[in-house]
Amino acid sequence: MSTAGAPAVARSAPTKATKKSWETWLHAHIEPAWRPGEWDSARWLFTGDLDNPRTSSSRCRTRRCDVIVRAQETFCTYCSDQRRKSGLPREEFAATFIPARSRSLPLTVVGPCTLTRDGVRCVRPQVAGGLCAAHHGSWKYHKSRGTLERWLRSRATPFTENPDCMVTHCSGWAMNSSGLCNYHWRAWRAECRSSTDPMPAAQWAPDQPLYLLAHQFHLAPLPQLLRWEALYAVQQMDQWVRALEPHWIRGVISHLTTADTLLDAANAARLTKPHQAAVRTLENLQSAARAGYSEFSGITLIDQDIIDLRVLGLRHSASGKRRQLPGRVDLRIVRQPWLRQALRHWVTTARPTTEDFKRTFHATTIASTALAQRADAGDVPAALTFADATWVVDAFRAARRQDGTPYSSSFRRSLLGMFFQLIAYGRRCGTLDDLAGTFTRVPVEHVISVEEPNEDFIGKAIPESVIRQLDAHLDTLGTGNTYGCRDIAPDARQLLYRTMYIVLRDTGRRPLEIVSLTRDCLENHNGQPTLIWDNHKRKRHRRRLPITTSTADAIRTWQACRDQLHLPAKGDRFLFPSLTPLSDAPHISSTYLSDALRLWADALPQLHAEGTDSKGQRLIFDRSLIYPYAFRHSYAQRHADAGTPVDVLRELMDHKSIAMTQRYYTVSLKRKSEAVAKLSTHVLDQHGHPSPSSSTAYEMRTVAVPYGGCTEPSNVKAGGQACPIRFQCAGCGFYRPDPSYLPAIEHHINELRADRETALAMGAAEFVTTALTAQITAYQRVIDRMNTHLASLPASERAQIEEASTVLRKARASHNHTLLPLTPARPKDPR
């Protein structure tokens, strides 16, 4: 999207002839009671309601402190310094600390003066010793001269009125004879001390700014017209932004005191500190004022080539995301006037979401560029033909990103559909009546073929070894500057993110499906805990997924904690509700889960991947591969490696097509083939001599027996079920073990030793114990020779062999596997 400037009529300042009428128009379009209780029209002072999250201000988190701070801050400056000195945790400090400031805050009043005479009490605010400034000074004067009794008896007269501060619009009371409040009196005294020619208070006061809190801003310093423009702009901007930022508005106003109008494009140069937030605030104010001036001048949005989507009120389609101001868009990128008019009419009447507009605008620019290459036919809608429509479709087929890489087929299909939807909308509304009927899309010919998804993407699973490393640091997840750090206690916040991670890891659901789980997402089915979830992608709701008991226990633990929290009512039905009323969505956004995982992974010590490098050093795992959706791939790959039947895994993943599920098994077979290729060269015979073979022969001529491979022809033909010597492998010349069988051989040796001890205890014949001892010796010789062979290899090759052995052991275990305690819910027979 382009962010070009506003139309020329909104760039220039109003002339003297139109200035008065422009100001009158502003008067008429400003709500008389804009935000009652917040806007003081008599003093041009805005004071945000702290109980309303619309303004980004709040009170200091210390229980007994009422200082107003910005929403991004937890404590006021004083409390923040004291907490740093105390070293206490935030929650404990906020609950126990009692502020004891050396002096009062500006404009604060402790109470009225305690001096009372004849039943009349002084109304002026007390400053020291329970007395107001005038009485306290007089008291000290007479006390030093010994005339205190006479002063109290005859001259101590209470004041019955409280004069206002001489600074215009200041809400403070005059503290002494200078006629200034305590804030302005201190500022005046400081200026007098630093000046050789002190200015009288009455002369100094008129030009002084007000003391403003974090939730206030003041328009009185601005010129008359600019003041009304700013008020109108803030009123409009209040409908655009997520929350008003009074401190940034206050900063921008301080730089506009010498300007004449908000319509001046040079106002941005007045910002001495062009912070991004300040520039954005000024742009919002100027956009609102320019939109109002265009309406005042009789120029409607449908007549403009540069439109402001904020004025249209467009919002993001994803309610879980923060609303972002889309800004101004230059429609002149679309070269054909008729196509630009159709786009302008669509956006001003249909009011699409920002995402739909962005894609439709992008699709229109692609079509416009293609039509511009068709001589002059593209500028005349009545001259367009079916060939022009085909030319446009070909342009979408070849569409590429700015870096030259092609878009995915699904994205190009989406762009093509949105463009012709725009054409259809224009024809229905009458804006494209001149467009030739031959310029149309034929569903049979104008189709972009669906490309097969990248198979390598299926393999983006986080390895189980990395997941185990993540689990070891689970207690640090949810710490730091994560979402919710100001809304709930640290322990509850960490439990929140820990629960989301556990559910994400153990269930393989998509991130949006995790954060949108309902509060009652658990139920028992035949004694087995089941998760109830919604498949938002395919619009299949109330799905059921069997889960393990440990996952269900983690959810129940969070449910018990969640019941104790005071959270916004709009998220009551969700397991992971939004923690602040500022959120547009009732549940936590998946973006926050992704950000928390990224922050957590980046803060962890080194994560090691599987395998080693050429020097034998463990490989470093790329942390950028840790993101929420990768855990879905890990879940599927975990089941595929364990030999879960493909139809069962398809239901667990809730895939529409079984072809998608089969890709995970393709990755498993690929990993197994690579492991076979590595281990086929390290096969030994009965005597420990190398007996390598090709990977094909390894799988075709060898069958797996309990403690190695076997090449005996009759046993191979019977699939390992017809051993002539009853599986006494250590004494067989056809025995072919490899390093992947080491754990099984060691386990079998332990079993043989146990059997020998049992035979001795039973008084069995000597040939029984002799046979057992011979087998133990033979198997131990196999282990020793294999370990000697492995020890002679480089460390990097040993690590590769160990990794390949792990893959093959997992594959062999899946042949006679025991299903995980999962029973997928199948649809009932319609009969």
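Reader: Which residues lie nearest the centre of the largest cavity?

Author: In this predicted model, C710, C723, F727, C729 and C732 lie nearest the centre of the largest cavity, which has 13 lining residues.

Reader: What makes this space a cavity and not a pocket?

Author: A cavity is a set of grid points where a 1.4 Å probe fits but cannot get out, whereas a pocket is an open set. The space in question holds about 70 Å³. The count of cavities of 30 Å³ or more is three.

Reader: Why is the pair of Y501 and W600 called edge-to-face?

Author: The centres of the two rings are 5.4 Å apart and their planes form an angle of 75°. Y501 belongs to helix α19 (residues 490–507) and W600 to helix α22 (residues 590–603), so that the pair links distant parts of the chain, 99 residues apart. Both Y501 and W600 are buried. The structure holds 25 aromatic pairs.

Reader: Which residues do ring pairs link into a cluster?

Author: The cluster consists of W22, W25, Y232, Y293 and F296.

Reader: How do you know that the charged end of R124 sits over the ring of F159?

Author: The charged end of R124 is 3.8 Å from the centre of the F159 ring. The distance criterion is within 6 Å of the ring centre, with a further limit of 35 degrees from the ring normal.

Reader: What makes a set of residues a nonpolar core, and which residues have the most contacts inside the largest one?

Author: Such a core is made of buried residues of nonpolar types, Tyr and Cys included, joined through side-chain atoms within 4.5 Å. The largest has 56 residues, and L496, Y501, F576 and F631 have the most contacts inside it. Helix α19 contributes the largest share of this core, nine residues. Leaving aside residues up to four places away in sequence, L496 touches I488, W558, F576, L579 and I588. A second, separate core of 38 residues includes A230, L231, Y232 and V252.

Reader: What share of the residues in the protein chain is buried?

Author: Of the 831 residues, 44% are buried, that is, under 20% relative accessible area.

How values were computed
Residues are numbered from 1 along each chain as its sequence is written. This is a predicted model: local features need pLDDT of at least 70, side-chain atom pairs count only at pLDDT 80 or more; totals for chains, interfaces and linings use all residues. Side-chain values use heavy atoms; hydrogens and water are left out. Rings of Phe, Tyr and Trp (its six-membered ring) pair if their centres lie within 6.5 Å; planes under 30 degrees apart count as stacked, over 60 as edge-to-face and the rest as tilted. Helices (H or I, at least four residues) and strands (E, at least two) are DSSP runs, numbered from the N terminus. Buried means under 20% relative accessible area, exposed over 50%, partly exposed in between (1.4 Å probe, protein chains only). Contact means heavy atoms within 4.5 Å. On a 1 Å grid over the protein atoms alone, a cavity is a set of points where a 1.4 Å probe fits but cannot get out, and a pocket is an open set with protein on both sides within 12 Å along at least five of seven lines; lining residues have an atom within 4 Å of a point. Grid points are joined across faces, edges and corners, and a volume is the space filled by probe spheres set on the points.
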